[in-house]
Amino acid sequence: MYNESRGRSETRFPDTSHTMPQPTPPESLSWQGDRLGSLKLIDQTLLPTELKIIDCQNADTVWEAIKMLRVRGAPAIGIAAAYGLCIGLKTLPTNADLDAFRTRLDEVAEYLASSRPTAVNLFWALNRMKAKAESLYHTGNVPAIWDALFAEAQAIHDEDRHICRAIGRFGQEFIKDGSTWLTHCNAGGLATADFGTALAVFFTAAESGKTIHVYADETRPLLQGARLTTWELMQRGIQVTLICDSMAAWVMRQGKIDGVVVGADRIAANGDTANKIGTYGVAVSAKAHGIPFYVAAPVSTFDLTLTSGSEIPIEERSAEEICEGFGKRTAPEGVRVYNPAFDVTPSELISGIITECGIISPVNRENVERMVKTLH
């Protein structure tokens with residue numbers, strides 16, 4: 001196991017912060033209007049070359065946006081699903097009775113839940129919305145229940161903003177001035193309602209006056225790191241270097257990385273963590289090189305019904321994402337393809353899980369349950 005003292009590389013990166021644009025990036029998703037309004041989403045499949053906003057006027061558009069990764073990142077998916085439930089109710093006549101309302105709500109919730117299987121926030125948000133409705137069914141007041149559901153979706157959205165900031169505050173304590181970090185995939189503002197999870201740590205550190213440098217894995221096959229993470233970091237004037245996924249271990253071996261921070265899509269009761277495919281390999285490499293590996297995620301990402309990561313459902317996506325990525329064929333016709341979208345990092349490889357309520361370390365079942373119970 002490689003664990004020698006890592007000397008700081010003498011490679012110097014140019015200070016480009018004064019030339020980089022530093023406006024506040026647009027929100028990944030927003031709502032316009034009252035409960036009969038619409039959800040606006042950045043189409044993340046087009047970034048960084050095109051910034052396009054999708055106007056979601058029906059549940060089908062929300063489902064397609066989640067399925068096709070136009071909106072992605074566990075918290076953002078949950079927010080989109082909550083609003084999507086409200087949008088799906090718009091097909092009801094204004095004089096709909098309670099039975100019709102309940103039937104339609106259940107139909108839309110089931111439909112949206114079928115869009116993607118791994119990100120637990122999708123199901124968490126839909127279950128929270130259904131629980132709110134069920135708590136009010138006894139009133140028989142359909143308009144009031146509808147108003148309450150819309151308010152609940154707005155609350156989920158607003159809470160995520162505060163969660164992002166809290167994760168950033170806790171996580172930036174690990175960030176030393178002048179340090180260099182690695183991240184995999186995209187867990188920034190595009191994946192949430194505000195600062196993100198993993199990137200919130202970097203954004204908050206930068207806001208506090210620390211100078212940092214981030215290496216971003218490109219994140220095959222859909223290149224979320226290359227397309228999205230580098231875009232977000234550059235938007236905020238943070239030095240970033242893009243590398244291929246296969247380079248991460250070598251960059252660690254060269255002593256260029258002080259630590260790793262990634263996001264999460266679902267975390268089991270024992271701390272095993274599902275995140276974008278390739279995360280497990282980064283964690284193994286970090287362990288081999290004596291580098292701390294942190295996961296940043298809201299408490300809503302924990303699924304205590306799953307005892308370990310072996311029970312986390314792993315989404316498999318189409319062969320075209322690998323063989324014809326972005327419209328160009330790169331593999332022979334007819335080749336067999338295995339394309340899991342996520343992998344699971346065992347808890348023993350995780351130095352700590354950064355949540356909005358504090359840090360879980362060491363990562364084990366007892367500490368996970370204690371943290372989750374702080375919100376219940």
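Author: In this predicted model, helices are DSSP runs of H or I with at least four residues, strands are runs of E with at least two, and both are numbered from the N terminus.

Reader: What joins serine 361 and proline 362?

Author: A cis peptide bond joins serine 361 and proline 362, with omega about 0 degrees. A cis peptide bond also joins leucine 47 and proline 48, where omega is about 5 degrees. Proline 48 belongs to the loop between S2 and S3.

Reader: How confident is the predictor, by pLDDT, in the protein?

Author: The average pLDDT of the protein is 92, and 93% of the residues score at least 70. Over residues 1-22, however, pLDDT stays under 50. For that stretch the model has 45 contacts beyond four places in sequence.

Reader: How do you know which side of helix H11 its buried residues line?

Author: The buried residues of H11, residues 365-373, are Asn367, Val368, Met371 and Val372. Seen down the axis of H11, they fall within an arc of 130 degrees, so they line one face of the helix. The face turned away from that buried side carries Glu366 and Lys373, which are exposed.

Reader: What covers the buried residues of H11?

Author: The cover includes strand S8 (266-268), strand S11 (302-303), strand S13 (352-355) and strand S14 (358-360).

Reader: Which residues of helix H9 are buried, and what makes them line one face?

Author: In H9, which spans residues 279-288, the buried residues are Thr279, Val282, Ala283, Ser285 and Ala286. Their directions, seen down the axis of H9, fall within an arc of 165 degrees, so they line one face of the helix. H9 is followed by glycine 290, which has a positive phi near 70 degrees.

Reader: Is valine 284 buried, exposed or partly exposed, and what makes it so?

Author: Valine 284 lies in helix H9. Its relative accessibility is 36%. Buried requires under 20% and exposed over 50%; valine 284 therefore counts as partly exposed. Between valine 284 and isoleucine 350 there are 66 residues in sequence and 9.7 Å in space, C-alpha to C-alpha.

Reader: Why is leucine 69 called buried?

Author: The relative accessible area of leucine 69 is 6%. The cut-off for buried is under 20%, so leucine 69 is buried. Leucine 69 lies in the loop between H1 and H2, and its phi is positive, about 65 degrees, although it is not a glycine.

Reader: What is the order of the strands in the open sheet of 3 strands, and what makes S1 and S3 stand at the edges?

Author: The order is S1-S2-S3, with antiparallel pairing. Strand S1 (29-32) and strand S3 (53-56) each have a single partner strand, so one side of each is left without a neighbour in the sheet. On average, neighbouring strands of this sheet are turned by 25 degrees against each other, direction ignored.

Reader: How do you know that S2 and S3 pair?

Author: Two strands pair if DSSP finds at least two bridges between them. Strand S2, residues 38-42, has 4 bridges with S3, in the antiparallel sense. Lysine 40 stands opposite aspartate 55 in S3. Helix H1 (residues 59-67) packs on the sheet and touches S2 and S3, its direction making about 140 degrees with that of S3.

Reader: Which residues have the most contacts inside the largest nonpolar core?

Author: They are Leu39, Leu41, Phe101, Leu105 and Met129, in a core of 45 residues. Among the elements that each supply at least two residues of this core are S1, S2, S3, H1 and helix H3 (98-113). H2 gives the most, with 11 residues.

Reader: What is in contact with phenylalanine 101, leaving aside its neighbours within four places in sequence?

Author: Phenylalanine 101 is in contact with Leu89, Leu92, Tyr137, Val142, Ile145, Trp146 and Leu149. Another core, of 28 residues, lies apart from the largest one; among its residues are Ile267, Ala286, Ile350 and Val363.

Conventions:
Residues numbered from 1 in each chain as written. Predicted model: local features only at pLDDT ≥ 70, side-chain atom pairs only at ≥ 80, totals over all residues. Heavy atoms only, no water. Buried < 20%, exposed > 50% of the residue type's maximum accessible area, 1.4 Å probe, protein only. Arc of directions from axis to C-beta. Contact = heavy atoms within 4.5 Å. pLDDT = per-residue confidence, 0-100. Axes fitted to C-alpha atoms, helices over the stretch in contact; angles between N-to-C directions. Core = buried A, V, L, I, M, F, W, Y, C linked by side-chain atoms within 4.5 Å.
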